[in-house]
2 protein chains.
Amino acid sequence: MPTSQVSSEQILFTRGVPAMEALPNTLLSECVQAVLAGPDGKTVLQYGHNGGYLPLRRMLAEQYDVPPDQVLVGNGSLHLQDLFSALTIQPGDVVLTEQPSYDRAIKTFRRRGARVIGIPLEHDGINIAELEKALAKQTPSFLYVIPDFQNPGGVTMSGAKRQALADLADRYGFWLVEDVPYRTLRYSGESLPLLRDLNPARTITVSSYSKLISPGLRVGYLIGPLDLVKRLTSLAEDTILAPVLLVQAAVLEFHKKGYFTSNLESLKQLYAPRLQATISALKTHMSDISFAEPEGGFFVSVTLPEQSNYHNLLSRAKDAGLVLTDGTAFFADPLNENEDVKSLGERFVRLPFCALTPEQIEEGVKRLAQLVER
Amino acid sequence: MPTSQVSSEQILFTRGVPAMEALPNTLLSECVQAVLAGPDGKTVLQYGHNGGYLPLRRMLAEQYDVPPDQVLVGNGSLHLQDLFSALTIQPGDVVLTEQPSYDRAIKTFRRRGARVIGIPLEHDGINIAELEKALAKQTPSFLYVIPDFQNPGGVTMSGAKRQALADLADRYGFWLVEDVPYRTLRYSGESLPLLRDLNPARTITVSSYSKLISPGLRVGYLIGPLDLVKRLTSLAEDTILAPVLLVQAAVLEFHKKGYFTSNLESLKQLYAPRLQATISALKTHMSDISFAEPEGGFFVSVTLPEQSNYHNLLSRAKDAGLVLTDGTAFFADPLNENEDVKSLGERFVRLPFCALTPEQIEEGVKRLAQLVER
């Protein structure tokens, strides 16, 4: 795309959505056909499989090395988190999150009656000392974290911090909810253990195919201790009867045909240069700002210095053809009451890069830099 | 099927499920292919359309003569009822239902904090005098009814009773929730007006494609006043982001290709003789019992006389190769405290006939008759 065109168009640094060109509609069509013509072609159209399409649960069970009864597949992971919250949050309970964290998760926990408190996120994950302070005050129902390529921060939790969480969950007695939808989208470096690997008895692992195949399919899953998954499955049945089985069977077929692996490779090839473009643009145009350099996922984020011109940023950005997400939505209640979360939120800018071309990213970051300059 | 084979097999008079042979897997495969190869082939795989696939909402809006903003399409109607309950029920509120009513609906309203009170169902619908008694005591959040071919009763509400409900909703100020998934499956007689036709401002219409195309697709919808649908759509977005769009687009395609009409005709041709077989078998083997003769839908039901041998019926039936649903699950709290709802429930037998052959139905009713004989 010629620069002249990019320089006049609106640039959307808003939701963390896959690139449209990365959505495998032709391959999925083939998979749906195979399912509907196959031995389960009528089964997936009938009532049943309330915990999700059993053969897909079996595949995930193998992948995570648990029995299939510990896997619940639903219509997207947000819905499973909502059900989990319904079971585990009593009105007035505290839920801890990283600060900032996924806005819809914070909202979900609040709607189910929790007081959601954010623990500062550093470039290597949650601040453990601050977390311990919070735990000393009150045991939460659970701690919700996104250990890999965090949304919105983009940071990955260090191995030492993962171990610390695993230990603290035992010491204080609370659930660790690890939300790992981006984990497989690693463009460089090596994977660190899941919290599940370190403390399976205390860990609820939540993930989905939204970033790896398609968000519209709404195929998310949850892995946890047997008793909890049983109760969740029963609540899911009472609420939705069963998830949409046809798309779950199509996802399994996508794996079986080898498309998952090749599609993942294509996604990495498409997204890695976009991440690099984001990092380069930030280093070029906002060289005074330190930020965590992600090795995967969908997001880079920056916290603007206090002395920058961040006031009324969203509306000024829009006028300049740059659409940003309201940073304050990612912030829960502060642990220390005197902390100015509002100002932190106003200075927080999330940059989802996957659905933008390198040219758009360069232009978008340039516009941002101009807007916040004093 | 030879009688000898039927007489030895287990007969499942349990859930109201479509016949497996009626599930149109081949036609749906064609529809999904058309969607994924068409102009919205990538759109349905992306985030968006939080209130449901907009072109399907538009079609339903036309069908029900409302603007598309008054239509919300979700993952099955039970989920929409759960969301509606979340918005309208405050803990301790009363919700009224027909007695008996759909067990999962009763459970959903209770889980959202309602006291659910059942108003006796007669052969022409809810008992209006008893309903007025209940309304005089306390205004409910809503009255939930299944006016056409009721689940589990099989009865259809008369025109006069529909008008009475429309009037009472205005006089006392409560929502009418009409659940009409069976309405289109009329095998004889003429349709009566929807409650929506009589009092649109007070009516929430809920329906789905589970009985008309496939339950596994989980495509249900809700039609209501604009402000309420807006709030429901926002709650739906917070809970599930969006429903599964691909199956909703496939349903629209199913309509566009003319398959909906031809499939409905096939369903009626398959199910009408099964309804007739149920009615005949009851008249032959249980001639002393009066029951409502449905003109459509999935269910015939009988209430066994007090003097019949109904004790421990479920387990005795199972031993005799007849699987029945627990009748007590269909009964909410009684309006009059001295009413023996438990005994009523134990004597209530629902007979879902669609997934059984006429031979299986004849044999099943014969077994039932023998079991309850004194």
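This is a predicted model: local features need pLDDT of at least 70, side-chain atom pairs count only at pLDDT 80 or more; totals for chains, interfaces and linings use all residues.
1. Counted by residues, the interface brings 52 residues of chain A into contact with 52 residues of chain B. Of the interface residues of chain A, 100% are also interface residues in chain B, so the copies meet through the same surface.

2. The relation between the copies can be stated as a superposition: chain A can be laid on chain B with an RMSD of 0.0 Å by a turn of 180° and a shift of 0.0 Å along the axis. The two copies are therefore related as by a two-fold rotation axis.

3. As for polar interactions across the interface, 27 residue pairs, with both residues at pLDDT 80 or more, are in polar contact between chain A and chain B. Five helices of chain A, namely helix 2 (25–37), helix 4 (77–88), helix 5 (103–111), helix 9 (226–240) and helix 10 (245–256), each supply at least two residues of the side that touches chain B. The largest share of that side, 6 residues, comes from helix 2 of chain A. Sorted by class, the side of chain A that touches chain B has 25 nonpolar, 15 polar and 12 charged residues.

4. Between chain A and chain B the count is 4 salt bridges, while the structure holds 41 salt bridges over all chains. In one that crosses between the chains, A:Arg104 pairs with B:Glu237, and their closest N and O atoms are 3.0 Å apart. This pair runs from helix 5 of chain A, where A:Arg104 lies, to helix 9 (residues 226–240) of chain B, where B:Glu237 lies. A:Arg104 is buried, with a relative accessible area of 14%, whereas B:Glu237 is partly exposed, with a relative accessible area of 23%. A salt bridge also joins the side chains of A:Lys107 and B:Asp238, at 3.2 Å from N to O.

5. Within chain A, A:Arg110 forms a salt bridge with A:Asp333, and the closest N and O atoms of the two are 3.1 Å apart. The pair links distant parts of the chain, since A:Arg110 belongs to helix 5 of chain A and A:Asp333 to strand 12 (residues 333–334) of chain A, 223 residues apart. A:Arg110 is partly exposed, with a relative accessible area of 36%, and A:Asp333 also counts as partly exposed, at 29% relative accessibility. A:Asp82, A:Arg111 and A:Arg112 are linked in a network of salt bridges.

6. Within chain B, the salt bridge between B:Lys161 and B:Glu122 has its closest N and O atoms 2.7 Å apart. Because B:Lys161 lies in helix 7 (residues 159–172) of chain B and B:Glu122 in strand 4 (residues 115–122) of chain B, the pair ties together parts that are 39 residues apart in sequence.

Conventions. Residues are numbered from 1 along each chain as its sequence is written. Chains are lettered from A and ligands numbered from 1 in the order in which they are written. Side-chain values use heavy atoms; hydrogens and water are left out. Contact means heavy atoms within 4.5 Å. A polar contact is a pair of N or O atoms within 3.5 Å; within protein, one must be able to donate a hydrogen and the other to accept it, and residues adjacent in sequence count only if both atoms are side-chain atoms. Helices (H or I, at least four residues) and strands (E, at least two) are DSSP runs, numbered from the N terminus. Ala, Val, Leu, Ile, Met, Phe, Trp, Tyr, Cys and Pro count as nonpolar, Asp, Glu, Lys and Arg as charged, and the others, Gly among them, as polar. Copies are superposed by least squares on the C-alpha atoms of residues with pLDDT of at least 70 in both. Buried means under 20% relative accessible area, exposed over 50%, partly exposed in between (1.4 Å probe, protein chains only).
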